[in-house]
Amino acid sequence: MTLSTKVFIPRDTASISMGGDEVAKKIKQIAQNQKKEITIIRNGSWGMSWLEPLIEVEVNNHRIAYGPISEEDVIDLFDADFLNGGAHPLKLGNTNKIAYLKNQQRWTFRKCGLINPTSIDDYIRNRGFNGLKIALKKGSDHILKELEKSGLRGRGGAGFPTAIKWQTVANAKGNQKYIACNADEGDSGTFSDRILMESDPMALIEGMAISGFTVGANKGYIYLRSEYPNAHSILTSAIKTAKKHNWLGKDIQASGFDFEIDIHIGGGSYVCGEETAMLESLEGKAGMIRYKPPLPALEGLFGKPTVVNNVVTLASIPDIIDQGGAAYSTYGVNRSKGTLAFQLSGNVKRGGLVEIAFGITLRELIEKWGGGTASGKPIYAVQVGGPLGAYFPDSLLDTPLDYEEFAAKDGMVGHGGVVVFDDTADMAAQARFAMEFCSIESCGKCTPCRIGSTRGVEVIDKIVSNKNREQNIELLNDLCETMIDGSLCAMGGMTPFPVKSALHYFPQDFKPEIK
Amino acid sequence: MNMKHKYDENIALEIINEVGARPEMLVQILQAFVVKFSYISESAIRLIAKELNLSRAEIHGTVSFYHDFRTTEAGEKIIKICQAEACQAMGSRQLTAHAEEVLGIKLHETSKNNAFTLEPIYCLGNCACSPAIMIDEKVYGKVDTKKFNQIVGLK
């Protein structure tokens with residue numbers, strides 16, 4: 001028997017963007033030349049993006065990590081006998097002992113990096129489809145009860161209790177219902193949906209099937225942004241495999257339950273991440289938002305009762321059903337139960353995904369995991385929750401990561417994106433960008449958003465060029481209030497948060513004579 | 001390598017039928033057209049309107065709403081530079097200025113020799129390896145000016 005050494009090279013976008021494919025090719029080529037028996041497995045990402053491509057070798061059932069590896073390092077690695085875990089400056093030791101990973105509380109992302117994303121055997125070996133099996137056996141009421149116990153709230157940003165949403169759809173009348181997975185992860189600084197879809201897509205498939213079974217829907221859609229072609233190809237392959245093994249399709253595992261999933265690709269529009277705009281886009285139309293009510297839970301896709309959930313929400317559910325809602329709710333604090341996959345990015349030394357229970361402070365996250373700024377300069381501002389989230393100055397970094405604690409400071413945890421800026425950032429430019437982005441992405445349905453954002457850019461320009469400064473600051477604050485109170489959705493309604501926080505906490509940047 | 005086809009009505013019809021000639025598939029059809037032909041031509045709008053039994057105005061309304069659905073032919077390589085916050089924090093504004101300078105075109109423009117089209121994009125989900133750019137469907141991370149020149153094949 002020839003012993004073939006397993007070499008893991010992630011196929012997630014971060015790894016590929018840093019040369020993962022070229023590294024894989026080179027390793028294969030040198031192994032052939034040196035007649036080494038290896039099996040290359042393109043796994044998902046552990047989420048330690050700053051170390052990508054992070055390659056691993058399996059030695060005596062342990063996975064030894066090396067990274068970040070460039071094409072040029074590969075020959076060195078062979079010389080250092082990395083196939084047997086040999087010493088090398090880029091050796092990181094046992095993967096599961098790397099502090100960044102070890103100190104997390106992985107729940108939803110526990111299989112990310114570990115498995116081959118498109119291998120159904122890997123998935124099942126790691127308790128995959130246990131949740132769906134339990135659902136099919138114990139029925140809809142059991143699922144709703146466990147969900148309620150878990151305290152899970154929508155991870156897309158709004159934080160709405162998932163159990164209530166599902167219960168509403170389950171109670172709704174009608175023989176056609178839908179599950180619509182929002183995979184339009186457009187917030188800057190967020191990539192947890194992407195990592196999940198590229199690293200453990202079957203968790204999403206299973207979560208959607210459980211959702212369909214619970215509320216009585218036989219059709220699911222994944223609305224995936226066009227900026228994620230790699231996730232598209234991995235998801236497509238995973239859906240095909242799940243179907244082949246009867247975890248999707250007709251009469252799933254002889255339960256009598258049918259469930260199909262189609263992927264729809266977006267058209268590069270940020271506002272389509274808003275749930276009603278997404279539904280319009282799924283129906284083939286321009287992504288103009290809808291008035292609410294009616295709620296999508298009652299009149300959603302094609303006017304039918306629809307569960308609209310984010311990727312991470314749905315992917316969290318299989319384990320909640322498998323382990324029990326109570327187990328999930330032991331994590332977290334107050335009304336923020338469970339874990340959230342925070343995403344560290346921007347000017348940070350160790351950017352990546354950190355899944356951890358709610359309650360730690362923003363500073364802890366940035367310092368302990370992020371290791372401070374990439375530039376080594378002082379942290380100046382941190383934007384949490386995407387482009388509609390407030391900019392926090394240093395004095396607010398001790399805020400615990402908790403939905404309500406953040407809301408109390410006019411911030412938002414949102415989808416868990418954390419973007420760090422060092423002191424070279426110009427917060428007036430960032431405020432201007434927030435308004436500009438809103439003017440580019442506004443669907444145009446309501447006036448405060450459509451017109452307000454354009455006026456906002458102009459007013460900020462006047463302030464920084466010292467034209468009637470005081471009056472224009474007052475005007476900008478007025479405009480922000482109008483947008484907050486008068487916009488139909490979060491696009492116009494929350495764009496003022498980064499603007500107001502920039503103006504409030506970083507007034508010095510709005511004075512041209514100083515900066 | 002240019003994978004893009006000149007607009008061809010037979011191929012276009014094939015795409016429409018493959019994706020599904022139903023109004024709810026309009027965004028998917030347009031997306032497939034952009035992948036194949038790089039843009040949505042006036043003839044394409046007429047054909048889709050006819051096949052889906054929608055008005056040209058309806059198709060136009062949808063085309064003009066989405067950033068992906070350009071109405072002019074793109075250059076051989078479409079370079080998208082992320083303009084969102086995480087990349088801004090790592091110098092995407094400077095990178096964009098550099099790209100505009102070396103390619104001799106502004107964002108949204110195509111170079112005279114039709115080699116490059118430069119577009120802004122708002123987040124590629126590669127925020128921990130910022131600044132990020134995308135060329136056709138491939139994403140590149142931690143792109144500084146030197147790496148940019150290498151990737152696009154400038155010296």
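How much area do chain B and chain A bury between them, and what share of it is on carbon and sulfur atoms? The points below take up this matter and then turn to the individual chains of what is a predicted model.

1. Interface between the chains. Chain B and chain A bury about 3500 Å² between them, and 57% of that area is on carbon and sulfur atoms. On the side of chain B, 40 residues are in contact with 59 residues of chain A. Three residues deserve mention here: B:Phe65, B:Glu85 and B:Tyr122 supply 19% of the area that chain B buries against chain A, more than any other three residues.

2. Domains of chain B. The domain assignment divides chain B into domain 1, covering 9–65, and domain 2, covering 77–152. The C-alpha centres of domain 1 and domain 2 of chain B are 28 Å apart.

3. Helices H1 and H2 of chain B. The axis of helix H1 (residues 9–19) of chain B comes within 10 Å of that of H2(B), and the two cross at roughly 140 degrees. The crossing of H1(B) with H2(B) is right-handed. From H1(B), the residues involved are B:Ile11, B:Ala12, B:Ile15, B:Ile16 and B:Val19; they meet B:Gln28, B:Ile29, B:Ala32, B:Phe33, B:Lys36 and B:Phe37 of H2(B). Sorted by class, this contact comprises 9 nonpolar, 1 polar and 1 charged residues.

4. Helices H2 and H4 of chain B. Helix H2 (residues 26–37) of chain B also packs with helix H4 (residues 56–65) of chain B: their axes come within 11 Å and cross at roughly 65 degrees. This crossing of H2(B) and H4(B) is right-handed. H2(B) contributes B:Leu26, B:Val27 and B:Leu30 to the contact, while H4(B) contributes B:Ile59, B:Thr62 and B:Val63. The contact of H2(B) with H4(B) has 5 nonpolar residues, 1 polar residue and no charged residues.

5. Helices H19 and H21 of chain A. In chain A, the axes of helix H19 (residues 469–486) and helix H21 (residues 496–505) come within 10 Å and cross at roughly 150 degrees. The crossing of H19(A) and H21(A) is left-handed. The contact is made on H19(A) by A:Ile473, A:Leu476, A:Asn477, A:Cys480, A:Glu481, A:Met483 and A:Ile484, and on H21(A) by A:Pro496, A:Phe497, A:Val499, A:Lys500 and A:Leu503. By class, 9 nonpolar, 1 polar and 2 charged residues take part in the contact of H19(A) with H21(A).

6. Cis peptide bonds. In chain A, the bond from A:Gly67 to A:Pro68 is cis, with omega near -10 degrees. A:Pro68 belongs to the loop between strand E4 (62–66) and helix H3 (74–79) of chain A. In chain B, B:Ser130 and B:Pro131 are joined by a cis peptide bond with omega about -5 degrees. B:Pro131 is found in the loop between strand E2 (116–121) and strand E3 (133–135) of chain B.

7. A positive phi value. A:Lys35, a residue other than glycine, has a positive phi, near 55 degrees. A:Lys35 is placed in the loop that runs between helix H2 (20–33) and strand E2 (38–41) of chain A.

How values were computed:
Residues numbered from 1 in each chain as written. Chains lettered and ligands numbered in written order. Predicted model: local features only at pLDDT ≥ 70, side-chain atom pairs only at ≥ 80, totals over all residues. Heavy atoms only, no water. Axes fitted to C-alpha atoms, helices over the stretch in contact; angles between N-to-C directions. Helix = DSSP H or I, 4+ residues; strand = E, 2+ residues; numbered from the N terminus. Left-handed = near helix turned anticlockwise from the far one by under 90°. Contact = heavy atoms within 4.5 Å. Nonpolar A, V, L, I, M, F, W, Y, C, P; charged D, E, K, R; others polar. Domains from an automatic or database assignment. Buried area = accessible area lost by both parts, 1.4 Å probe.
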